[in-house]
Amino acid sequence: MNETAYELAQVNIARLRAPLDSPRLKDFVDGLDPVNADADAADGFVWRLQGEGGDATDIAVFGDSWLIVNMSVWRNTDALTAFMYQGRHREMLARRREWFERVEEAMTALWWVPAGHRPTVAEAESRLLHLRTNGPTPYAFTLRTSFPPGGAEPLAGEVPEGLGCSA
């Protein structure tokens, strides 16, 4: 399989502890533009979801106004991991419990997309629900349990009740 024929899509969602314009989330909101600029300049970065304000905080996910979404495409898992665990992103990651609720369900999913494809929020929701229902598979996986590039079909089956994003 030609690895350059595929790129790595990632989505992560988070349930806010307070409104984005609240004092509690000021440091998070203030850090968005610098962290997004770091991502845009990172080796292996391809694309990120953006709304009107240049970030994705105004884009709805799962129809829940308390959830925010981050979605991007990277050359591969190494490029994503290198960005995630260094610099400003690492600093913000270390503070995530100050700003976001702890949620039982998977809030992050990875999957391979054909090079040049830009995933939609609906696609990301589908991948997250698939991961929550089936665990890591080539269709939707995690950094801890990843799969090589390639096309993957979802496993058939119903999504069990209660796999939404309740805190």
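I began with W112 and F141, and both are buried (under 20% relative accessible area, with exposed meaning over 50% and partly exposed in between, for a 1.4 Å probe and protein chains only). I noted that this is a predicted model, in which local features need pLDDT of at least 70, side-chain atom pairs count only at pLDDT 80 or more, and totals for chains, interfaces and linings use all residues. Residues are numbered from 1 along each chain as its sequence is written, and side-chain values use heavy atoms, with hydrogens and water left out.

**Entry 1: aromatic rings**

I looked up the aromatic pairs and found seven in the structure. Rings of Phe, Tyr and Trp (its six-membered ring) pair if their centres lie within 6.5 Å; planes under 30 degrees apart count as stacked, over 60 as edge-to-face and the rest as tilted. The ring centres of W112 and F141 lie 6.4 Å apart with planes at 35°, so I recorded the pair as tilted. This pair links distant parts of the chain, since W112 is in strand β4 and F141 is in the segment after α5 (121-134), 29 residues apart. Helices (H or I, at least four residues) and strands (E, at least two) are DSSP runs, numbered from the N terminus.

F141 also pairs with F147: their ring centres are 5.9 Å apart and their planes stand at 65°, so this pair is edge-to-face. I read a relative accessible area of 0% for F141, whereas F147 is partly exposed at 24%. Elsewhere, ring pairs link F28, W99 and F100 into a cluster.

I then turned to a charge beside a ring. The charged end of R127 sits over the ring of Y139, 3.8 Å from its centre (the criterion being NZ of Lys or CZ of Arg within 6 Å of the ring centre and within 35 degrees of the ring normal).

**Entry 2: salt bridges**

I found nine salt bridges in the structure, each a side-chain nitrogen of Lys or Arg within 4 Å of a carboxyl oxygen of Asp or Glu. D64 and R15 form one of them, with the closest N and O atoms 2.8 Å apart. The two are 49 residues apart in the chain, D64 in the loop between β2 (45-48) and β3 (67-74) and R15 in strand β1 (residues 6-15). R15 is buried, at 12% relative accessible area.

D38 and R88 meet in another salt bridge, 2.7 Å from N to O. It links helix α1 (residues 26-41), which holds D38, to helix α3 (residues 87-94), which holds R88, across 50 residues. D38 is partly exposed at 25%, and R88 is partly exposed at 40%.

R95 and E98 meet at 2.8 Å, N to O. I noted that shared partners join D27, R95 and E98 into one network of salt bridges.

**Entry 3: the largest pocket**

I looked up the largest pocket and read a volume of about 1,300 Å³. On a 1 Å grid over the protein atoms alone, a pocket is an open set of points with protein on both sides within 12 Å along at least five of seven lines, and lining residues have an atom within 4 Å of a point. Grid points are joined across faces, edges and corners, and the volume is the space filled by probe spheres set on the points.

Which residues are the closest to its centre? Of the 47 lining residues, they are N12, H89, L93, R96 and T108. β3 gives the most to the lining, with six residues.

Note on methods. On a 1 Å grid over the protein atoms alone, a cavity is a set of points where a 1.4 Å probe fits but cannot get out, and a pocket is an open set with protein on both sides within 12 Å along at least five of seven lines; lining residues have an atom within 4 Å of a point.
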